[in-house]
Amino acid sequence: MTPAQNALALVGRALIALLFVPSGWGKIAGFSGLVGYISSKGVPLPEVCAAIAIATELGLGLLLLVGFKTRWVALLMAIFVLVITPIFHNYWAVPEAQLMAQKMNFFKNMAIAGGLLAFAAFGGGMFSVDGRRRD
């Protein structure tokens, strides 16, 4: 990769992490509310699912930020996003007043999954832990 591509990979990782890391941190503080919300969607084992969400968003988000095992981390995060999106942003089954917001969130998440899959395919670049370990 060129220096510009490496810099863009770093910025891209940071921007995606900016979405996940604060969200994961917030889920810790609001754990009981998160469990209630997950339960309201009919998802089994809501406490376990809440813990998975925190581990993915905070834990894997930080690993993506620093670029450690970037390809695997990004793949796991993409799978997480692709699984939860139709459950929590099912725009086809919401009242008309929620349709636009849920549809926008659904497709935003699909785009995020696409960005994560690009990192799974191409890695995190030289400005990452993975890139430094190749030296």
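The protein has six helices and zero strands, in a model that is predicted. Read from the N terminus, the order of elements is α-α-α-α-α-α. Along the principal axes, the C-alpha atoms of the protein occupy a box of roughly 50 × 30 × 20 Å.

**Burial and contacts**
- The protein has 135 residues, and 39% of them count as buried.

**Surface and charge**
- About 7700 Å² of the protein is accessible surface, and carbon and sulfur atoms make up 74% of that area.
- The protein carries 10 positive and 5 negative side chains.

**Leu45, between H2 and H3**
- Helix H2 covers residues 31-40 and helix H3 covers residues 46-66, with Leu45 in the loop between them.
- Leu45 has a phi near 50 degrees, which is a positive value in a residue other than glycine.
- Leu45 counts as exposed because its relative accessibility is 58%, and exposed means over 50%.

**Lys69, between H3 and H4**
- Lys69 sits in the loop that links H3 to helix H4, the latter spanning residues 70-88.
- The phi of Lys69 is near 50 degrees, again a positive value in a residue other than glycine.
- Lys69 has a relative accessibility of 39%, so this residue counts as partly exposed; that class lies between the 20% limit for buried and the 50% limit for exposed.

Note on methods:
Residues are numbered from 1 along each chain as its sequence is written. This is a predicted model: local features need pLDDT of at least 70, side-chain atom pairs count only at pLDDT 80 or more; totals for chains, interfaces and linings use all residues. Side-chain values use heavy atoms; hydrogens and water are left out. Helices (H or I, at least four residues) and strands (E, at least two) are DSSP runs, numbered from the N terminus. Buried means under 20% relative accessible area, exposed over 50%, partly exposed in between (1.4 Å probe, protein chains only). Accessible areas come from the Shrake-Rupley method with a 1.4 Å probe; for residues, only the protein chains shown count as cover. Lys and Arg count as positive and Asp and Glu as negative; His and the chain ends are not counted. The place of a charge is taken as NZ of Lys, CZ of Arg, CG of Asp or CD of Glu.
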